Amino acid sequence: MSPGFKVPLYSILGVAVCFALLFSIIDLINYCCGMCQSEEAKPLVETETQVYLVVTAAVIMGFIFGLVFGLLDVEDADMGHLKVALLRDESICYPIGGILGGIASAINQYLREESDEYPFNSLETADLDDDDDDF
């Protein structure tokens with residue numbers, strides 16, 4: 001297969017795999033954390049903006065991972081050099097995934113803290129002032 005055909009194919013495959021894996025992991029983490037936390041606690045991903053962030057991160061990461069896999073021609077490596085080719089692919093993809101994942105998680109945490117779903121409402125002292133007996 002020619003590289004002009006392989007690279008887009010692996011990029012699309014990378015997007016699909018990354019998307020499915022990322023959403024499955026986040027859904028599992030949301031479920032497990034929801035079982036351990038109180039009802040007032042915020043889930044990791046809840047708002048529409050956070051979901052768009054996860055989709056964007058999955059698409060970018062999957063595209064880059066597929067692009068690197070296709071450009072390094074890992075699939076055509078012979079059995080003797082396959083481990084070296086996979087290690088080279090990992091050495092490129094792990095830092096990229098770590099950086100993009102860190103950026104996405106920082107943005108997600110910012111969006112999570114800025115969410116209006118759980119606003120802070122201070123108690124007013126006038127509502128609690130029961131010392132006046134109006135009998």
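**View 1. The lining of the largest pocket holds 13 nonpolar residues, three polar ones and no charged ones.** In this count Ala, Val, Leu, Ile, Met, Phe, Trp, Tyr, Cys and Pro are nonpolar, Asp, Glu, Lys and Arg are charged, and the others, Gly among them, are polar. The model shown is predicted, so local features need pLDDT of at least 70 and side-chain atom pairs count only at pLDDT 80 or more, while totals for chains, interfaces and linings use all residues. Residues are numbered from 1 along each chain as its sequence is written, and side-chain values use heavy atoms, with hydrogens and water left out. Two or more lining residues come from each of α1, α2 (48-71) and α3 (82-113), where helices are DSSP runs of H or I with at least four residues, numbered from the N terminus.

**View 2. The second largest pocket has a volume of about 240 Å³.** Its lining is made up of Y10, L13, G14, V17, C18, L21, F65, G66, F69, D89 and C93. Sorted by class, the lining of the second largest pocket contains eight nonpolar, two polar and one charged residues.

**View 3. Y10 and F69 form an aromatic pair in edge-to-face arrangement.** There are two aromatic pairs in the model, counted where ring centres of Phe, Tyr or Trp (its six-membered ring) lie within 6.5 Å, with planes under 30 degrees apart stacked, over 60 edge-to-face and the rest tilted. The ring centres of Y10 and F69 are 5.0 Å apart and their planes stand at 70°, so the pair is edge-to-face. Y10 belongs to helix α1 and F69 to helix α2, so that the pair links distant parts of the chain, 59 residues apart.

**View 4. K6 and D73 are joined by a salt bridge.** The model has two salt bridges, each a side-chain nitrogen of Lys or Arg within 4 Å of a carboxyl oxygen of Asp or Glu. Between the side chains of K6 and D73, the N to O distance is 2.5 Å. Because K6 lies in helix α1 and D73 in the loop between α2 and α3, this pair ties together parts that are 67 residues apart in sequence.

Notes. On a 1 Å grid over the protein atoms alone, a cavity is a set of points where a 1.4 Å probe fits but cannot get out, and a pocket is an open set with protein on both sides within 12 Å along at least five of seven lines; lining residues have an atom within 4 Å of a point. Grid points are joined across faces, edges and corners, and a volume is the space filled by probe spheres set on the points.
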